[in-house]
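Colleague: I am new to this entry and would like to learn how to read its features. Could you take me through them in turn?

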Amino acid sequence: MICRSADQDGVKWRGRVLVTGATGFIGHYLLAELLKRGVPCAALLRPPLSTNVARLASLLRPLGISIQEETTRWRLAFLEGELNGAMPGESGLDIRSILHAAGVTTFEPMPNGEPKRTNVNGTAGLLAWAEAHEVTDFHLVSSAYRCGETNGPVLEKIDRDPPAFLNAYEESKWESERLACAWAERTGGRLTVYRPSIVVGDQRDGRTTSFSGFYVLARANEVLSRWYGESDAGRFATGLRISCSPEGRQDLVPVDYVATMIAHAVADPAFHGSVYHITHPKPPRNATIRRAIDEHFGFAGSSFIADQPIDETELSGAERVFYESTRVVRRYLSHHPVFDRTHAETLEAASGARCGSLDVSSLRRLIGYAQSVQWGRCRAPRERVEDDRDILIDRYFADYLPRHVVRSRVAQLTAMTTTMRFVISDVPGAPWVCGFDCGKLVRVRRTAEPDTVDFTYTTTRKVFWQAIAGEVSPQDVFLQDMATVTGDVEAGIKMAVILHRFNHEFPCTPEDLRVTQEAAPCCASR
């Protein structure tokens with residue numbers, strides 16, 4: 001455990017807290033809060049260490065933390081390692097406690113094994129490291145929604161039996177808790193579990209570095225606002241039907257409140273060994289969230305249809321855009337578990353943390369901040385290509401895609417007819433144009449000529465490789481501005497979902513293309 005004793009300077013700490021996920025959304029807030037309390041920390045960062053130290057410094061700076069000052073005062077150190085790779089050996093840093101805040105929030109299983117790869121296997125590796133290094137305190141940042149499909153009340157305890165999960169993310173978080181519980185029983189170590197609900201930006205200014213959950217809904221409405229025409233009243237009359245109750249509540253919780261609560265518990269051994277639901281005392285209603293979004297984007301005419309499933313064959317164009325964009329989070333609109341907060345309320349009183357009301361104005365502040373940073377779109381300079389990846393992209397369109405589409409069950413079932421253009425902004429040369437007829441790829445051309453297309457995808461080389469490997473969902477791609485679609489937005493989003501499923505059938509990496517030298521099929525020409 002962490003031990004402390006008073007000295008002339010106040011509180012003196014013995015040992016360090018190893019923090020995983022320090023460059024993540026919750027993680028860098030947690031690290032900042034611990035450092036403000038004078039708790040010595042070591043951040044586990046992936047290689048290359050220098051790059052990620054610089055990234056961490058840029059994240060901590062807005063929170064009033066200087067890495068240079070903290071390292072000079074010996075309150076912050078760094079370890080290079082990966083949860084699913086090589087972990088550090090003997091560090092000489094006297095690690096007494098671990099705060100495991102690393103995690104992947106992907107809802108569906110990905111070809112690279114996420115979210116289980118990080119949330120389950122990574123946790124297992126970290127627990128093995130803790131046991132080998134005789135760490136006796138383990139603090140796990142889990143999720144309130146590992147409760148699965150239940151209306152509660154959800155108690156602040158470890159469950160022995162698995163519930164009915166809504167997605168792979170929930171299941172991975174439940175499994176990570178079970179692994180940590182088994183570690184505590186086997187080693188005699190002390191386990192503390194923190195279960196935040198849907199984490200949103202700082203309640204003071206809306207600052208966030210993550211754009212999942214609530215932001216998927218907000219971003220989908222921005223996409224919709226680009227698609228929809230204005231009414232005579234000067235507002236977007238969407239007529240959007242939302243299949244949930246207006247009285248249902250979405251448990252959104254500000255990141256600064258989450259960090260204050262968890263950091264206080266980590267720093268005070270009196271709070272170790274319990275489970276805490278770090279949730280909102282009074283979550284906002286669906287009606288409040290809808291009003292905030294409507295006011296922010298100038299929408300009107302949306303309505304709630306509680307307990308009435310909507311026939312997706314009868315959706316309007318606006319509804320199809322909205323439903324495709326929010327598919328991964330839509331079930332949460334009608335999923336309202338009630339979380340017991342008995343332990344959390346005790347912690348809240350001791351920490352002095354305050355969770356403000358998430359009313360219309362505060363929700364609009366969250367959306368406004370997300371828009372101001374373009375939903376987290378990376379502004380890194382163009383990377384210098386040191387291999388043959390640009391040639392490999394050409395090979396993907398000319399060979400790999402045509403050869404595998406004919407084998408694709410997804411293509412056969414969807415049978416979409418459309419012509420699309422792919423623009424990869426940081427790859428020199430003309431864009432790629434692909435024509436589909438009833439799910440069959442009948443034309444592939446690389447041309448700068450103004451072909452008639454239904455829609456155009458524009459993205460970067462980095463996102464292209466992530467997409468064809470099945471590592472990112474279409475919701476992430478479009479809702480976080482990793483790519484844009486112009487033209488027929490409705491058809492573009494629908495095709496993005498189809499391509500994502502195709503990428504799960506036939507994930508592709510640069511190495512796959514390097515070892516594949518077959519000639520392109522006759523339907524492909526350049």
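Colleague: How many salt bridges does the structure hold?

Modeller: Side chains of opposite charge can pair when their charged atoms come close. A salt bridge here is a side-chain nitrogen of Lys or Arg within 4 Å of a carboxyl oxygen of Asp or Glu, and the structure holds 23 of them. This is a predicted model, in which local features need pLDDT of at least 70 and side-chain atom pairs count only at pLDDT 80 or more, while totals for chains, interfaces and linings use all residues. Residues are numbered from 1 along each chain as its sequence is written, and side-chain values use heavy atoms, with hydrogens and water left out.

Colleague: Which parts does the salt bridge of aspartate 137 and arginine 190 tie together?

Modeller: Their side chains meet at 3.3 Å, N to O. Aspartate 137 belongs to strand 7 (residues 137–141) and arginine 190 to strand 8 (residues 190–196), so the bridge ties together parts 53 residues apart in sequence. Helices (H or I, at least four residues) and strands (E, at least two) are DSSP runs, numbered from the N terminus.

Colleague: Is aspartate 137 buried or exposed?

Modeller: Buried means under 20% relative accessible area, exposed means over 50%, and partly exposed lies in between (1.4 Å probe, protein chains only). Aspartate 137, with 1%, is buried; arginine 190, with 25%, is partly exposed.

Colleague: What does arginine 195 form a salt bridge with?

Modeller: Its partner is glutamate 177, and the closest N and O atoms are 2.8 Å apart. This pair links distant parts of the chain, with arginine 195 in strand 8 and glutamate 177 in helix 5 (residues 168–187), 18 residues apart. Arginine 195 is buried at 0% relative accessibility, and glutamate 177 is buried at 1%.

Colleague: How many residues apart are arginine 219 and glutamate 222 in helix 6?

Modeller: They are 3 residues apart in helix 6 (residues 214–227), which means a separation of about one helical turn. Arginine 219 is buried with a relative accessible area of 1%, and glutamate 222 is buried with 10%. Elsewhere, salt bridges that share partners join Arg146, Lys157, Asp159, Glu177 and Arg195 into one network.

Colleague: How many aromatic pairs does a search of the whole structure find?

Modeller: Rings of Phe, Tyr and Trp (its six-membered ring) pair if their centres lie within 6.5 Å; planes under 30 degrees apart count as stacked, over 60 as edge-to-face and the rest as tilted. The search finds 21 pairs. For phenylalanine 214 and tyrosine 215, the centres are 5.3 Å apart and the planes at 70°, so this pair is edge-to-face. Both residues are buried.

Colleague: Which residues of the largest nonpolar core touch the most other members?

Modeller: In soluble globular proteins, nonpolar side chains tend to be buried together. A nonpolar core is a set of buried Ala, Val, Leu, Ile, Met, Phe, Trp, Tyr and Cys residues joined through side-chain atoms within 4.5 Å. In the largest, of 79 residues, those touching the most other members are Phe214, Tyr396, Phe397, Met420, Cys434, Tyr457 and Met495. Apart from this core lies another, of 46 residues, including Cys41 and Leu60.
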